Amino acid sequence: MVDRPDPLWDPALPGDDELVRLEALLGRYRHVPAEGQAWALPPARRAPRWRRPALAMAAMLVACAVGIAAWLPWRLQWSEHHDWAVETDAPALPRTLRVGQTLATSAGETATVQVARIGRMQVLPGTRVRLVDTRAGHHRLELLDGRVRARIWAPPGHFGIAAGDAETVDLGCAFEMQRNLQGEGDIRVLSGWVMHRVQGQETLVPAGSHLRFDASRSGIPLAETASIAFAAQVEQLDLAMAKGERVTGVEAQVAERATDDDRFTILTLLTRYPVLASGPLYPRLAAMFGETVPDPAHRQAWQQGSVHAMNRWWEQVPRPPKAWWLNWRDVLG
């Protein structure tokens, strides 16, 4: 900073002899614009004030996107057979769960298991679980008996719970599962979807539905709003069809009692047993999909087990089964 007037900064002030001599020597190199062509530097352009926050926000979003793109693969990676962390106030319970180890809670104990880096599972009182396998893209445990709640953030198929010969595969969701010593149990899906498979049979269960199962088979998914009478008739129809017995009276009762909330139940019944398309369930389901006049060709193709015909209605079910990448709160959990 200059504290007093200085001819170096103000040419109007007289300089000393040395400064005058230098000005005379260098003056010949001074640029003198022609008359009428003199110009001045324009003032520096500044972004309007209203644009500055928007530019800052855009820069922040780009930085976040780059950071997340680098972070997501890390969240999904996991060393083979690496222990899972266990959070609990019960002094007798372990603080880690290794492959092959069983975690058992007593009547007054609970524990929260960190499922690698992709989710959390609450082990409720009176429950036994065993870690079967864990590695990047494949995490499996077995529910021996009791009840668990899981919330998973990962692509479909990364996490699954075995129950005897059956397996419940997460399609990216939150769900509850319980099982008794006889292998009977129930799955309730809170968000997203799960798939229950046993002996080659695969059954999808969407949010807001529950599914009963036993050691050898899956039931039919039912909406949480389904009446007790409707649920009993669906189970009766399912068991009869599994034995190859056609009970037309029960078919009519199921079709009559079904509400719009039961659309997925009827869709699953007709998919599992295509022959039912010849009865009253098909026109009831067609009406649920907005087709008041059933298509005879479509109906016949369905009865013959045409996957193309079935997909026409399956594709109208809200998809994807799980937009797992949109559940950003789970990423931070």
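Q: Axes are lines fitted to C-alpha atoms, over the stretch in contact for helices, with angles from 0 to 180 degrees between N-to-C directions. At what angle do H5 and H8 pack?

A: In this predicted model, helix H5 (residues 263–272) packs against helix H8 (residues 307–314) at about 175 degrees. Their axes are 11 Å apart. Helices are DSSP runs of H or I of at least four residues, numbered from the N terminus.

Q: Is that parallel or antiparallel?

A: H5 is roughly antiparallel to H8, because the angle is over 145 degrees.

Q: Which residues make the contact between H5 and H8?

A: On the H5 side, Phe264, Leu267, Leu270 and Thr271 take part. From H8 come Met310, Trp313 and Trp314. Contact here means heavy atoms within 4.5 Å.

Q: What classes are they?

A: The contact of H5 with H8 has 6 nonpolar residues, 1 polar residue and no charged residues. Ala, Val, Leu, Ile, Met, Phe, Trp, Tyr, Cys and Pro count as nonpolar, Asp, Glu, Lys and Arg as charged, and the others as polar.

Q: Changing topic, where does proline 274 lie?

A: Proline 274 is in the loop that runs between H5 and helix H6 (281–288).

Q: And what does proline 274 touch, beyond four places in sequence?

A: Proline 274 is in contact with Trp302, Gln303, Gly305 and Met310. Met310 is also one of the H8 residues that make the contact with H5.

Q: How far is alanine 301 from proline 274?

A: Their C-alpha atoms are separated by 9.3 Å, although proline 274 and alanine 301 are 27 residues apart along the chain.

Q: What about confidence over the protein chain?

A: The mean pLDDT (the predictor's confidence in each residue, from 0 to 100) is 84 for the protein chain. A value of 70 or more is reached by 74% of its residues.

Q: Where does pLDDT stay under 50?

A: That holds over residues 320–333, for which the model has 25 contacts beyond four places in sequence.

Q: Which conventions apply?

A: Local features need pLDDT of at least 70, side-chain atom pairs count only at 80 or more, and totals for chains, interfaces and linings use all residues. Numbering starts from 1 along each chain as its sequence is written, and side-chain values use heavy atoms, leaving out hydrogens and water.

Methods
Helix = DSSP H or I, 4+ residues; strand = E, 2+ residues; numbered from the N terminus. Parallel < 35°, antiparallel > 145°, perpendicular 65-115°, else oblique.
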